[in-house]
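This report describes a single protein chain in plain terms.

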Amino acid sequence: DCHIDICSQEMLAAIADNYDYKDLRRDYIHNEVQNKELGYKIFAHELNSPTAYAAKVQCFRTYAAISRDVLHRWLYPLVPDNNW
């Protein structure tokens with residue numbers, strides 16, 4: 001688990017109102033799943049493909065490792081010489 005979470009604008013606003021949560025997954029998600037009447041939904045996508053790649057930059061070491069992966073072209077088509 002890379003701990004990459006993509007949130008909607010509504011969820012970000014709700015988190016801003018309830019900023020007393022210490023852990024987003026453990027506290028906030030657990031409480032919102034119990035509030036079924038609000039109608040919020042949680043979706044998940046699991047990367048099962050052997051060519052899938054996901055990483056989270058936490059420090060300079062992980063930034064360097066991800067940058068090295070890009071430079072070694074392991075993330076094709078996300079490569080330095082590709083015209084965006």
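The protein chain exposes about 7,700 Å², and 55% of this area is supplied by carbon and sulfur atoms. Accessible areas come from the Shrake-Rupley method with a 1.4 Å probe, and for residues only the protein chains shown count as cover. The model is a predicted one, in which local features need pLDDT of at least 70 and side-chain atom pairs count only at pLDDT 80 or more, while totals for chains, interfaces and linings use all residues. Residues are numbered from 1 along each chain as its sequence is written, and side-chain values use heavy atoms, with hydrogens and water left out.

**The chain as a whole**

The secondary structure comes to 3 helices and 0 strands, where helices (H or I, at least four residues) and strands (E, at least two) are DSSP runs numbered from the N terminus. From the N terminus on, the order of elements is α-α-α. The radius of gyration of the protein chain is 17 Å, well over the 12 Å that the globule rule gives for 84 residues, so the chain is more spread out than a compact globule. This radius is taken over C-alpha atoms, and the globule rule is 2.2 Å times the number of residues to the power 0.38. Along its principal axes, the C-alpha trace spans about 50 × 25 × 25 Å.

Of the 84 residues in the protein chain, 10% are buried; buried means under 20% relative accessible area, exposed over 50%, and partly exposed in between (1.4 Å probe, protein chains only). Among contacts with a separation of 6 or more, 19% are between residues 24 or more positions apart, a contact being heavy atoms within 4.5 Å.

Helix H3 covers residues 60-71, which is 12 residues. Its first and last C-alpha atoms are 16 Å apart, close to the 16 Å expected at 1.5 Å a residue; the expected span is 1.5 Å times one less than the number of residues.

A search of the whole structure finds 1 aromatic pair. Phe 60 and Tyr 63 form this pair, which is tilted, with 6.5 Å centre to centre and 35° between the planes. Rings of Phe, Tyr and Trp (its six-membered ring) pair if their centres lie within 6.5 Å; planes under 30 degrees apart count as stacked, over 60 as edge-to-face and the rest as tilted. Phe 60 and Tyr 63 are 3 residues apart in helix H3, so about one helical turn separates them.

**The segment after H3**

Arg 73 lies in the segment after H3. Its phi is near 65°, a positive value in a residue other than glycine. The structure holds 1 salt bridge, and in it the side chains of Arg 73 and Asp 81 meet at 2.7 Å, N to O. A salt bridge is a side-chain nitrogen of Lys or Arg within 4 Å of a carboxyl oxygen of Asp or Glu.

Pro 77 is also found in the segment after H3. The peptide bond from Tyr 76 to Pro 77 is cis, with omega near 15°.

Asn 48 sits in the loop between helix H2 (24-34) and H3. Its C-alpha atom is separated by 17 Å from that of Asp 5, 43 residues away along the chain.

The table gives the accessibility of the residues discussed.

| Residue | Relative accessibility | Class |
|---|---|---|
| Phe 60 | 68% | exposed |
| Asn 48 | 61% | exposed |
| Asp 81 | 55% | exposed |
| Tyr 63 | 48% | partly exposed |
| Arg 73 | 39% | partly exposed |
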